[in-house]
Amino acid sequence: MPLTLYSHPLASYCHKVLIALYENDTPFTAYLLDLGNPGEAAKFVDLWPVGKMPVLHDSDRNTTIAESSIIIEYLDQHHFRAKLLPADAQQNLDTRLWDRFCDLHIHEHMQKVVADSLRPDGSKDPTGVTDAHNRLKTAYAMLDRHMANRDWPAAERFTLADCAATPALFYASIVSPFPPDHPHLTAYFERLLARPSVQRVLAEARPFFQYFPFVADMPARFLTDQT
């Protein structure tokens with residue numbers, strides 16, 4: 001197979017690309033990265049010096065692509081039959097907007113909370129964590145309002161924006177649960193969880209959830225084969 005995805009089943013941005021691949025039943029080789037192995041980490045840094053996953057290699061085009069949104073756009077251009085970026089210009093902009101919203105205003109703050117929990121005592125950033133939780137509350141409220149009269153945030157169908165929303169909301173809902181007065185956000189999250197592509201990604205991640213710092217706070221249904 002020409003496509004190789006360098007990723008890890010627990011990594012949230014890898015989930016984003018995997019969902020896109022599974023939505024299209026696109027064949028690829030999954031390369032499980034072990035960045036705790038110095039030799040493996042060095043090889044990966046040679047491939048992509050930033051050292052962040054996922055990274056996609058297309059041997060047919062001798063091309064290496066990084067950054068989850070760009071990977072999905074590349075796949076959409078060259079490999080996907082069910083397009084995740086609409087051809088309509090306004091819908092395309094809306095899709096990109098909500099992709100960026102989920103990455104920058106949910107995903108990033110969720111990762112701040114998770115990363116801080118891994119810091120040793122004496123180097124934690126409680127002010128930064130409080131700020132992250134507050135920013136997540138703002139993002140939740142915005143998304144709840146946006147989803148009041150729609151099923152999907154952009155283009156009235158599943159798009160890149162939903163690939164971004166799924167891992168961001170999945171992990172964020174654990175570290176900073178949705179407020180009970182956000183029914184539209186909650187309903188949207190349930191629609192995402194019902195996608196076969198999402199269920200497949202979570203099934204593959206489930207054996208690794210034990211390593212997630214907030215595993216004790218995970219709802220029981222995330223730890224079984226029923227989401």
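This is a predicted model: local features need pLDDT of at least 70, side-chain atom pairs count only at pLDDT 80 or more; totals for chains, interfaces and linings use all residues.
**The chain as a whole**

Let's start with the layout. The chain carries 8 helices and 4 strands.

How does the radius of gyration fit with a compact globule? For 227 residues, such a globule would come out near 17 Å, and the chain has 17 Å, so the two agree. Along the principal axes, the C-alpha trace spans about 50 × 50 × 30 Å.

Buried residues account for 48% of the 227 in the chain. As for contacts, take those between residues at least 6 apart in sequence: 68% of them join residues at least 24 apart.

**Charges and salt bridges**

On the charge side, there are 21 positive and 28 negative side chains. The centres of these two sets sit 1 Å apart. Side chains of opposite charge can pair when their charged atoms come close. In this structure, 14 salt bridges turn up.

| Salt bridge | N to O distance |
|---|---|
| Asp103 and Lys16 | 2.7 Å |
| Arg96 and Glu73 | 2.9 Å |
| Asp103 and Arg100 | 2.5 Å |

Take the Asp103 and Lys16 salt bridge, at 2.7 Å. It ties together distant parts of the chain, with Asp103 in helix α4 (residues 89-117) and Lys16 in helix α1 (residues 12-23), 87 residues apart. Are these two partners buried or exposed? Asp103 has a relative accessible area of 4%, which is under 20%, so this residue counts as buried. Lys16 is buried as well, with a relative accessible area of 0%.

The Arg96 and Glu73 salt bridge, at 2.9 Å, also links distant parts of the chain: Arg96 belongs to helix α4 and Glu73 to helix α3 (residues 68-78), 23 residues apart. Arg96 has 32% relative accessibility, so it counts as partly exposed.

Asp103 shows up again in a salt bridge with Arg100, where the closest N and O atoms are 2.5 Å apart. This one stays within helix α4: the two residues are 3 apart, which means they are separated by about one helical turn. Arg100 is partly exposed, with a relative accessible area of 34%, whereas Asp103 is buried at 4%.

Which residues does the network of salt bridges link? Lys16, Asp99, Arg100 and Asp103 are the ones joined up in it.

**Around Ile174**

Ile174 is placed in helix α6 (residues 160-175). With a relative accessible area of 5%, Ile174 is buried. What does Ile174 touch, leaving aside its neighbours within four places in sequence? Its contacts are Phe212, Phe214, Asp217, Met218, Pro219 and Phe222.

For a sense of scale, compare the position of Ile174 with that of His57. The two residues lie 117 apart along the chain, and 32 Å separates their C-alpha atoms.

Key
Residues are numbered from 1 along each chain as its sequence is written. Side-chain values use heavy atoms; hydrogens and water are left out. The radius of gyration is taken over C-alpha atoms; the globule rule is 2.2 Å times the number of residues to the power 0.38. Buried means under 20% relative accessible area, exposed over 50%, partly exposed in between (1.4 Å probe, protein chains only). Contact means heavy atoms within 4.5 Å. Lys and Arg count as positive and Asp and Glu as negative; His and the chain ends are not counted. The place of a charge is taken as NZ of Lys, CZ of Arg, CG of Asp or CD of Glu. A salt bridge is a side-chain nitrogen of Lys or Arg within 4 Å of a carboxyl oxygen of Asp or Glu.
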